[in-house]
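Keep the structure in view while you read.

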Amino acid sequence: MKNIAIIGGGWAGLACAVRLTEVGHRITLFEAAGTLGGRARGLIHEGLRLDNGQHILIGAYTETLALIETIGVSLEAAFLRMPLMLHYPGSLHLATRALPAPLHLLAGLITARGLSLSEKLRLAQGMRHCQQGPCAGEPDISVAALLDRHGQSERLTRLIWEPLCVAALNTPIDIASARRFAAVLSDALARARHHSDFLLPRCD
């Protein structure tokens, strides 16, 4: 057993503390802020408690979900799990179907309401290309630059890409990392069907 200091009480620091405690080490955690959680912290604004950070989890976050269960939280009790769905009344409805990946997304795209045939084709191409991210050896670029490179329109960006990016990375597309976004897309859309599920915190 060792005495180990961890600097920073964000998700990384807390995850490190949990794992080291599991194998028997004694932990001292240092955090400069008044609350733990880093970017995923809660805060009080004008008397109202607000949550910042990953307010939506996806099924592809397998390590995060495993960590939550490790500290004794029931995923079923804490989260509402639902298939990936984007819904804007009168503008768009896109939901994945109960099929193996990536057919679940393709079927959802084919049956989507509010998108023209050309928009569906452009979005399908964008989904395929954006999962690859910037070219190997190329410096990282923003998600906005990646979408522009692959011909995604302003409407598709506003209705689909921006919400996905903010939900996945908690960062606007103009500054979000294209490589990280591509990795999330690949994990969420090209692997197991349940990896694209949304997990929404249940209200107490």
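Contact here means heavy atoms within 4.5 Å. Note too that this is a predicted model.

Start with Leu-94. Leaving aside residues up to four places away in sequence, Leu-94 touches Leu-84, Met-85, Leu-86, Gly-108, Leu-109, Ala-112, Leu-115, Leu-123 and Ile-160. Leu-94 belongs to the largest nonpolar core, which has 42 residues. Those with the most contacts inside this core are Leu-94, Leu-115, Leu-123, Met-127, Ile-160, Trp-161 and Phe-181. Helix α7, residues 154–169, supplies the largest share of the core, eight residues. Nonpolar side chains tend to be buried together in soluble globular proteins.

The structure holds one aromatic pair. Trp-161 and Phe-181 form it, edge-to-face, at 6.1 Å centre to centre and with 70 degrees between the planes. What does the pair tie together? Trp-161 lies in helix α7 and Phe-181 in helix α8 (residues 178–189), so the pair links parts that are 20 residues apart in sequence. Are the two partners buried or exposed? Buried means under 20% relative accessible area. Trp-161 counts as buried because its relative accessibility is 0%. Phe-181 is buried as well, with a relative accessible area of 1%.

Now turn to a sheet. Three strands form an open sheet in the order β5-β9-β6, with antiparallel pairing. The edges are β5 (57–58) and β6 (79–82). Each has a single partner strand, so one side of each is left without a neighbour in the sheet. Strands of a sheet pair through backbone hydrogen bonds, either parallel or antiparallel. Strand β9 (residues 198–201) and β6 pair in the antiparallel sense over four bridges. Within β9, Phe-198 stands opposite Met-82.

Finish with helix α1, residues 11–22. How far apart are its end C-alpha atoms? They are 16 Å apart. The buried residues of α1 are Gly-13, Ala-17 and Val-18. Seen down the axis of α1, they fall within an arc of 135 degrees, so they line one face of the helix. What do they pack against? Their partners are β1 (3–7), β2 (26–30) and α2 (62–70). Just after α1, Gly-24 takes a positive phi of about 100 degrees.

Key:
Residues are numbered from 1 along each chain as its sequence is written. This is a predicted model: local features need pLDDT of at least 70, side-chain atom pairs count only at pLDDT 80 or more; totals for chains, interfaces and linings use all residues. Side-chain values use heavy atoms; hydrogens and water are left out. A nonpolar core is a set of buried Ala, Val, Leu, Ile, Met, Phe, Trp, Tyr and Cys residues joined through side-chain atoms within 4.5 Å. Buried means under 20% relative accessible area, exposed over 50%, partly exposed in between (1.4 Å probe, protein chains only). Helices (H or I, at least four residues) and strands (E, at least two) are DSSP runs, numbered from the N terminus. Rings of Phe, Tyr and Trp (its six-membered ring) pair if their centres lie within 6.5 Å; planes under 30 degrees apart count as stacked, over 60 as edge-to-face and the rest as tilted. Two strands pair if DSSP finds at least two bridges between them. The expected span of a helix is 1.5 Å times one less than its number of residues. The arc is that of the directions from the helix axis to the C-beta atoms.
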